[in-house]
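Here are my notes on the two-chain model, point by point. Please read them with the structure open.

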Amino acid sequence: MSRDEIQKLLGGYATGTLSDTERRELLEAALDDQELFDELAKEQALHDVLQDHAARRQLLAALKPARGWSWVRRPATLALVGGLATLLIVGGVVWLRPKPSVQPETTVAEALPPRQPAPLPAPAPAESVVRPALRRKLVRPPEAPAMAKLIRQEVAGGAKPVAAPPPPPSAPSPSAVLTAANDVANAPAQPPEANTVHLLDTLARAQAAAGAPAKATLPLEYHLLRAGPDGNYVPVAADGELHAGDSVRLQVGAPAAGSLQLYRRDPAGGLSLLAGQAVEKAQQYVLPASGGLTSASPARMELLLLLTPAEQPVMSLLKTREADQKVQGKVVRQINLDFR
Amino acid sequence: MQRDEVLRKLRERIVAFAASHISGDFAEDLAQEVLILLHEKYSHVDRVEELVPLSLQIARFKIMSLRRKSLRHGEYTQVSIADIQLPDLEADPATLVERKQMLERLTQAVAQLGDRCRELMRLKLEGKNFGEIQKRMGAQSINTVYTWDFRCRQQLLDLMGGDWEPAKK
């Protein structure tokens, strides 16, 4: 053995760990190596202590408690424990994370007193069955009965886009009095009564909704046109009056593309479709396209302009509650024509 | 190696070792006293594995006794090495106290060792030799165990202040 190797045997001298060969080699080397001999002489103190069995037992007792937990400090153990801890933390977080479920709502509901079950909406009934109920729900303006008595004429027919007429001198006055035109009497028949029933309910709701400022998305502007002696319709002055027998049309600017309808409230409180037209945004249209609105005697004619964004049949829209709700959010304008 | 040759080498080593702890004259006397004792009392011991540890033990005792007497007399040189009687290590109260103090320091030091050193120390105290320790600790070779033990011994020695025995005043 080299000197370095023999020097490593020093640790075994005091504890008696060396074999006979190792011990002899160490001691013989120490006789020839002063430094090794000095080291061995220092080691003799430990050697003498460890010769006592009681001392050995005391040292073993000092080493045993830590031995039981020594595995905790091993890198592999620490890595395993760390991994498990991470897994538990992640698992716990995932487990405790609130999940989007209806369970909390169910719990709250159980804590509340039982409520009467809400009546289910009736399935879409036949129009003949629904009609009385819809009429009862109709919301009418206070002046509706009086106005209905004054309405005598109906105007119907397809509207067509026309070139924008010269702008009126001023905004039309709701109290303008016009006279009825003779050609109104020759106007086509009004839409079927069945369709009118749905319109009554729907437009009544629309009227109520129109009262809320938030529902007025874009203004539905219109101008009154009155037939002159030559038969051409010209704008009515702002302070102009309508007289019985005047023939009137509405020039309406479409704020958005969609379907534009003109309704008239009849004496019974219902609404009848006078004209309907698919419109484009920022275009001017004249309703009705043929004929005119007229009254043979002084009366008030209550009209409703409705613009729905989609170009689709109005009647089909109004047949369901969902469609009613859609209509409520659309552009509606009420127009009263006073024929004096 | 013959006994005389062993004793001759021992004398040289003891004189040099003692000279680093006591004065030169006392170192020569110390070595002479050790050899006389080996000759008179341990004449039947002739193997180097026994002679060297025995001589180390006697020399260490002589040095410790000399230091104790010097401390009691207040002057190191006032005590002759010849006045130190043949040691009776097991019966000497001062030796027992010093061993007890050393054991306390040793117990505290081993508690601060690393896992490997603690395990190695435990196996050594249980009487395992290096070959058995190699198998128990799964070392690749016995030289690995030698290296581990050498480093652990150095670590333990450092924990005890660089010397197994308390610092001499």
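1. Chain A, overall. Of the 340 residues in chain A, 36% are buried. This is a predicted model, so please read every value below as computed from it. The secondary structure of chain A comes to twelve helices and nine strands. Take the contacts in chain A between residues at least 6 apart in sequence: 81% of them join residues at least 24 apart.

2. Chain B, overall. Chain B has seven helices and zero strands. From the N terminus on, its elements read α-α-α-α-α-α-α. Chain B has 169 residues, and buried residues make up 31% of them. For contacts in chain B between residues at least 6 apart in sequence, the share that joins residues at least 24 apart is 52%.

3. Helix α4 (residues 34–50) of chain A meets α4(B). Their axes come within 10 Å and cross at roughly 95 degrees. Angles of 65 to 115 degrees count as roughly perpendicular, and α4(A) and α4(B) are therefore roughly perpendicular to each other. From α4(A), the contact uses A:A45, A:D48 and A:V49. From α4(B), it uses B:R99, B:M102, B:L103 and B:L106. The classes are five nonpolar, no polar and two charged residues.

4. A helix pair within chain B. What is the angle between α5(B) and α7(B)? They pack at about 100 degrees, with their axes 10 Å apart. These two helices are therefore also roughly perpendicular to each other. On the α5(B) side, the contact is made by B:R116, B:C117, B:L120 and B:M121. On the α7(B) side, it is made by B:W148, B:D149, B:C152 and B:Q155. This contact divides into five nonpolar, one polar and two charged residues.

5. The nonpolar cores. The largest nonpolar core has 56 residues. Which residues have the most contacts inside it? From chain A they are A:A30 and A:L40; from chain B they are B:I14, B:A18, B:L30, B:V52 and B:A59. Helix α3(B) gives the most to this core, with ten residues. B:V52 is worth a look. Leaving aside its neighbours within four places in sequence, B:V52 is in contact with A:L27, A:A30, A:L31 and B:L10. There is also a second, separate core of 35 residues, which includes A:L220, A:A299, A:L304 and A:L306.

6. The sheet in chain A. Four strands form an open sheet in the order β6-β5-β8-β9, and the pairing is antiparallel. Which strands are at the edges? They are β6 (271–279) and β9 (331–339) of chain A, each pairing on one side only. From one strand to the next, the twist averages 20 degrees. Strand β5 (residues 258–265) and strand β8 (residues 299–308) of chain A run antiparallel and are joined by six bridges. Within β8(A), A:T308 stands opposite A:S259.

7. Two backbone details to check. Most residues other than glycine have a negative phi, and most peptide bonds are trans. Two places in chain A deserve a check on that score. The peptide bond from A:L287 to A:P288 is cis, with omega near -10 degrees. A:P288 lies in the loop between β7 (284–287) and β8 of chain A. A:A282 is not a glycine, yet its phi is positive, at about 65 degrees. This residue lies in the loop between β6 and β7 of chain A. Is A:A282 buried or exposed? With 10 other C-beta atoms within 10 Å, A:A282 is exposed, because a residue counts as exposed at 12 or fewer.

Definitions and conventions. Residues numbered from 1 in each chain as written. Chains lettered and ligands numbered in written order. Predicted model: local features only at pLDDT ≥ 70, side-chain atom pairs only at ≥ 80, totals over all residues. Axes fitted to C-alpha atoms, helices over the stretch in contact; angles between N-to-C directions. Parallel < 35°, antiparallel > 145°, perpendicular 65-115°, else oblique. Contact = placed C-beta atoms within 7 Å. Nonpolar A, V, L, I, M, F, W, Y, C, P; charged D, E, K, R; others polar. Core = buried A, V, L, I, M, F, W, Y, C linked by C-beta atoms within 7 Å. Buried ≥ 20, exposed ≤ 12 C-beta atoms within 10 Å, placed from the backbone. Pairing = 2+ DSSP bridges.
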